[in-house]
Amino acid sequence: MTGLFIAGTSSDAGKSLVVTGLCRAFVRRGLAVAPFKAQNMSNNSAICADGGEIGRAQYLQAQAARVEPSTLLNPVLLKPGSDRRAHVVLRGRDAGTLEAGEYATGRAHLAEAAFASYTALAAAHDLVVVEGAGSPAEINLRERDYVNMGLARRFDLPVVIVGDIDRGGVLASLYGTWALLEPTDQRLLAGYVINKFRGDQAVLDPGLAEITRRTGLPCFGVLPWLDGVWLDGEDALDVSRWSSDTQNDARPALRIAVIRLPRISNATDVEALAATPGVRVDVTADPAVASASDLLIVPGSRSTLHDLAWLRERGLDRVVTERHATGRPTLGICGGFEMLARTITDDVESGVGQVPGLGVLPVDFTFARERTTRRASYPWGGREVAGYEIHHGQVTSASGDAFLDGVRVGGTFGTMLHGAFEDDDFRSAFLAHIATLTGSDWRPSDGPGYAAARETMIDKLADAVEAHLDLDALLALRS
């Protein structure tokens, strides 16, 4: 056995956090480690060197494990396009759609790809740290499961359950997870971990002892609440965590509003902005907040025309056009850029044909059946700015001033490039330009860059894992 399976009592219980910390902690011990998640359901993704698309959490976990991101790490990515349909990305490439009624029955080929990917990783590494999806106790999905206990049973992997005490009911969640599993699955459960604990652990210990008595599962440790840790959401994207000042000094803040689209995609473009000193980010659907900001961002969308219609229903279209008319800065990224165009012709995502965009940028888009997925770089302000692209939309006509791969007219900018704000020089220069346009006193400040901050965060996680979890016992689970 070269795998350790990290499950959770629910979505967002802390699986991604624990896997990230374990990857770095085990690498520190000299092991060749790889993260793995058989299937993600998320519109948050990143592009590997070969153009393949994987979930952002596995991309970050690859950094923690110090391995090159690869589609082996996340062979199946489901990108929700509506409440009943998900677009399938298989080994990094488009592979059709999956309807809600097919979720439990139409995934045999996806399971084969997931099992083959795990086998390849296990053959090349000392340890594969596997992240489950949702909860292993989703017994309605158990029959054809290849993501949770189906994967664990296929490869005889020991399973550690993570429970989030901050949301309440963690003891019942742990016991309920154990109790709902059939005996053959129960035998794979090796123990549990408590996440996000605050307070005196002596108060918690009697409950843990009782859970161990009733289930026979040992506790491998209690992780404390960790400030300054932000991981890319997968099962449920919680963008509200970015709506705060990122510093406490008295310098005037640059106010950025990000429209919270119903089908928001690659919202991680916001992270580097929210981590910038002196910048306040509000993720909002309130037209007043959007109007009052120094910079308004219309982010990516997995369903551009659906979100454009929603934007109009909320009156946010008027905010965009009024800002454009007065020269107040607005930035559209990917789907947001498409919304700012004159026309959008979509016979692919929605099939509704041509519709008018907001008309603030002199651009027309037509959706191609094959998505563009690639790493790319473009010039701006005397520098090359690197990022990645994930889109159906192709520009069929455009004018205006060049901005990265897109255009600018006055204070309105559009680009298809995700991840550009992770470039410290570009982010500082662009925000300084916005500050000049708006008369803000914001100026770039010295301090660690975004990549350094992410690396510090990973090490902080690993430090906590080493201090609070029994790593020797976890490694001893390997047969």
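Me: What volume does the second largest pocket have?

Reply: In this predicted model, where local features need pLDDT of at least 70, side-chain atom pairs count only at pLDDT 80 or more and totals for chains, interfaces and linings use all residues, the second largest pocket has a volume of about 460 Å³. A volume is the space filled by probe spheres set on the grid points, which are joined across faces, edges and corners. Residues are numbered from 1 along each chain as its sequence is written, and side-chain values use heavy atoms, with hydrogens and water left out.

Me: Which residues lie nearest the centre of the second largest pocket?

Reply: Of the 20 residues that line the second largest pocket, R56, Y59, Q63, E422 and Y450 lie nearest its centre. A pocket is an open set of points on a 1 Å grid over the protein atoms alone, where a 1.4 Å probe fits, with protein on both sides within 12 Å along at least five of seven lines, and lining residues have an atom within 4 Å of a point.

Me: Why is C23 called buried?

Reply: Buried means under 20% relative accessible area (1.4 Å probe, protein chains only), and C23 is called buried because its value is 0%. C48, at 1%, is therefore buried as well.

Notes:
Buried < 20%, exposed > 50% of the residue type's maximum accessible area, 1.4 Å probe, protein only.
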